Amino acid sequence: MSTQLDVAQLRAGTPGCNHVIHFNQAGAGLPPAEVVDAMRSRIELEALHGPMETASSGEEIKAQARELAAGLIGCKPAELAFMSSTGTAWGMPVASLPEFRAGDRILVSQQEWGGNLATLRYKAARAGATVEPMPTRQDGVTDLDALRTMIDKHVRLICLTWLPCNGGLIDDAEGIGQIAQEHDIPYIVDAAQAVGQIPVDVRQIGCDVLVSTARKHLRGPRGTALLYVREAFLDRLSPPWGDHVSMPYLDEMPQPRPDARRFESSEMSAVLMAGLQAALTLATRIGIDEIQAHVSDMSAFLRQRLQEMPGVTVLDRGTRLSGLVAFNLDNMVAGAVQSRLRERGIAIGSNGMAYTPLDMNLRGLDQVARATVSYLTTEAEIDALCAAIRDCAIS
């Protein structure tokens, strides 16, 4: 199986590859040595000289990270803010929108992340608004023709979880964006499973907001995330809180910054920023096209192997598929499969109803097992995973 990547070299720079067969990139990627070393160097510097005394060099690292992140998703650095999690990054612009009113409609993807859905339903219920799933085709992709028929003057927001966490679907983010732009409807994309795995271009997507964690396919540290806000959309958002950096005083009145940093807290860990900068540097150096090609090859190989296995059902839908491979065993619940594989040194994920409640309910699922391929994955690891799953299926 051909690849443009030097997978052996990349694995050599990942200490965890010596300890675990890792198929849980969708949960969090194995940290590269470069990320660990950057964080260690930063915390040692702060320990020797003081966190506040070394703050200026931390700002330089953050600026470098902002440039790198902007290059990865096709935006200006001024359109990017750093946050602590995808949930925070997603919730901040939603909280900054004008309050929903009775009769307002919020359209969400059928695979919407459970946390996003909970926030929207909570806010909508208090206002008398409704949250409605966008219709899908038989393959699970959003049906653009049917979506157009849903649009009216009451639609206040469109939200898309682009790559859901419970399977390999890649939805039509660009097609939904065209509809949102035609009707000037705010459009928010949760790209937590996309950034670092597939090419992302916010201009092409046509979104007003895009968010992603850095701990998954970018392999950055936990506690770091990206928030993109389209420059022309900023003034439609009123941040619910600020500090002396995000809302500096001008003429004795606080004014939100004119860039995405109006959503960014002044108190951010320089250690985490050093790790993020290293992760973004690595992803840029490898190249997202090369990453996607390897992940696509490996995930197709894994799906084929699982589809040939008695007692195993592959649950992925879509015409384009990501590196998230969802499956269930006829004789064992997903959580038990995850535990059994862990005993053999193999890490996978398992998702319950709360993660993607609309899609799970629609398909009559209460759990799925999820094996996520990364650019570190080898055929030998897939062989080991499939052998372990086969043992589970016949036990």
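Student: Is D359 buried or exposed?
Tutor: D359 is buried, at a relative accessible area of 1%. Buried stands for under 20% relative accessible area, exposed for over 50%, and partly exposed for what lies in between (1.4 Å probe, protein chains only). Please note that this is a predicted model, in which local features need pLDDT of at least 70 and side-chain atom pairs count only at pLDDT 80 or more, while totals for chains, interfaces and linings use all residues. Residues are numbered from 1 along each chain as its sequence is written, and side-chain values use heavy atoms, with hydrogens and water left out.

Student: Which residue forms a salt bridge with D359?
Tutor: The partner of D359 is R363, and their closest N and O atoms are 2.9 Å apart. A salt bridge here is a side-chain nitrogen of Lys or Arg within 4 Å of a carboxyl oxygen of Asp or Glu.

Student: And where do R363 and D359 lie?
Tutor: Both are in helix 12 (residues 357-363), 4 residues apart, which is about one turn of the helix. Helices (H or I, at least four residues) and strands (E, at least two) are DSSP runs, numbered from the N terminus. R363 counts as partly exposed because its relative accessibility is 25%.

Student: How many salt bridges does a search of the whole structure find?
Tutor: The search finds 25 salt bridges. One of them joins the side chains of R203 and E79, at 2.6 Å from N to O. This pair links distant parts of the chain, 124 residues apart: R203 is in helix 8 (residues 202-205), and E79 is in the loop between helix 3 (55-73) and strand 2 (80-83).

Student: What about accessibility for R203 and E79?
Tutor: R203 is partly exposed, at 40% relative accessibility, whereas E79 is buried, with a relative accessible area of 1%.

Student: Which residue does E132 pair with?
Tutor: E132 forms a salt bridge with R105, with 2.8 Å between the closest N and O atoms. Strand 4 (residues 130-133) holds E132 and strand 3 (residues 105-108) holds R105, so to speak of distant parts of the chain, the two are 27 residues apart. Both residues are buried.

Student: Which residues are linked in a network of salt bridges?
Tutor: The network links E59, K62, R66, R261 and E264.

Student: New topic: where is E308?
Tutor: E308 is in the loop between helix 10 (288-307) and strand 11 (312-314). E308 counts as exposed because its relative accessible area is 55%. The C-alpha atoms of E308 and R261 are separated by 50 Å, and the two residues are 47 residues apart along the chain.
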